[in-house]
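Work through these exercises with the model open beside you. Try each task before you read its solution.

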Amino acid sequence: MNARRLAACAALAAALAAPGSPRAEYADVLINKRSDAAGVRPVVFPHWFHRIRFQCRVCHNELGFKMRAGSNDVLMADIADGKFCGMCHNDEIAWGAENCDLCHSGKPGLPSRIYGGHQTSGPGRW
Amino acid sequence: MLSLLWGAILCCISTASAAQWTPLARDEVHDPASPALRMLQEPAQALSTLPRDSAGNQVDWMRALNEGKIAPRAKLNAEAPIRLREDDILLNLRGGLPIVRFPHRSHTQWLDCSNCHEHIFKSKVGANRLSMSAILQGEQCGVCHGAVSFPLTECARCHNTPRGKK
């Protein structure tokens, strides 16, 4: 019991320290599975922006985004077909996929994960 | 003299709150050279009008929702189910800290049942073995708390019910 509590405390301390976390709004998902290789900026998905406009269930139930960064394999072809981001990013609800730069706006070379000051080591795990 | 002092204090407070959210160009996630930065909404513009919190990204998202400060769409497809559940579940009954009262209501105001059940939590009371270690590593409650909802430093928000006063 004590050992388990100690482990939890250590993990909490590590989470609080969060060394090297870029100063950003927490829960910005940076998606760089293929962007660097394709010569475009990685995608930044800001949770704070989207949750003002949509409840979690819209993307995480209706659109099928799994709740673990990295577990969704989204291709531009899917988006063009109206799946995933393309359910809204279709020039009707939100800007269409031809506005590449608006989503592909991340720093080149950054690894994919959730960025932000309040993450634990877990949710941002790739 | 006193009013000057108050003015200085208020000025400091308002400067501090305006500086609370890092501009996109300096958040170390966006590329400052990206043309998108001229068009994307800045966090401070969107978040500074919402009810404040002392943790996370400084927004009390439940109050924002309940007070109608934001009205996020619940569905795209008219047939998509909206399932609200009102009951509370008591957790951590044998632990050392105060009991956790898990409110289904505030969770189902955002999420669908299937976001947590059955893959993260079994629906049967008592069937889930919760562990702070796992939560801190991003499992169980930690899938969201600490990433998109209030962080795990806020112990008393979950461990909120004194033992013996169920």
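The exercises below concern a predicted model.

**Exercise 1. Confidence**

Solution. 
- Step 1. Start with the whole model. Its scores are ipTM 0.86 and pTM 0.83.
- Step 2. Look at the elements of chain A.
- Step 3. Check another stretch of chain A. Over residues 118–126, pLDDT stays under 50. The model has 41 contacts there beyond four places in sequence.
- Step 4. Look at the elements of chain B.

**Exercise 2. A glycine and its surroundings**

Task: Is A:G106 buried or exposed? Which residues does A:G106 touch?

Solution. 
- Step 1. Locate the residue. A:G106 sits in the loop between α6 (100–103) and β3 (113–115) of chain A.
- Step 2. Count neighbours. A:G106 has 27 C-beta neighbours inside 10 Å. The cut-off for buried is 20 or more. Therefore A:G106 counts as buried.
- Step 3. List contacts, leaving out residues up to four places away in sequence. In chain A they are A:L30, A:N32, A:R41, A:P42, A:V43 and A:V44. In chain B they are B:V29, B:H30 and B:D31.
- Step 4. Take one contact, A:V43. A:V43 and A:G106 are 63 residues apart along the chain, but their C-alpha atoms are separated by 5.6 Å.

**Exercise 3. A sheet in chain B**

Task: What is the strand order of the open three-stranded sheet in chain B? Which strands stand at the edges?

Solution. 
- Step 1. Read the order. It is β1-β2-β3 of chain B, with antiparallel pairing.
- Step 2. Find the edges. β1(B), residues 88–91, and β3(B), residues 159–161, each have a single partner strand, so one side of each has no neighbour in the sheet.
- Step 3. Examine one pairing. β2(B), residues 99–103, pairs with β3(B) over two bridges, in the antiparallel sense. B:I99 has B:T161 in β3(B) as its bridge partner.

**Exercise 4. Backbone angles**

Task: Which values does phi take at A:D91 and B:Q58? How exposed are A:D91 and B:Q58?

Solution. 
- Step 1. Take A:D91. Its phi is positive, about 70 degrees, although it is not a glycine. A:D91 lies in the loop between α5 (76–80) and α6 of chain A. A:D91 is exposed, because 10 other C-beta atoms lie within 10 Å.
- Step 2. Take B:Q58. Its phi is also positive, near 70 degrees, in a residue other than glycine. B:Q58 is in the loop between α2 (43–47) and α3 (61–66) of chain B. With 19 other C-beta atoms within 10 Å, B:Q58 is partly exposed.

Technical notes: Residues are numbered from 1 along each chain as its sequence is written. Chains are lettered from A and ligands numbered from 1 in the order in which they are written. This is a predicted model: local features need pLDDT of at least 70, side-chain atom pairs count only at pLDDT 80 or more; totals for chains, interfaces and linings use all residues. Helices (H or I, at least four residues) and strands (E, at least two) are DSSP runs, numbered from the N terminus. A residue is buried if 20 or more other C-beta atoms lie within 10 Å of its own, exposed if 12 or fewer, and partly exposed in between; C-beta atoms are placed from the backbone. Two residues are in contact if their C-beta atoms, placed from the backbone, lie within 7 Å. Two strands pair if DSSP finds at least two bridges between them. pLDDT is the predictor's confidence in each residue, from 0 to 100.
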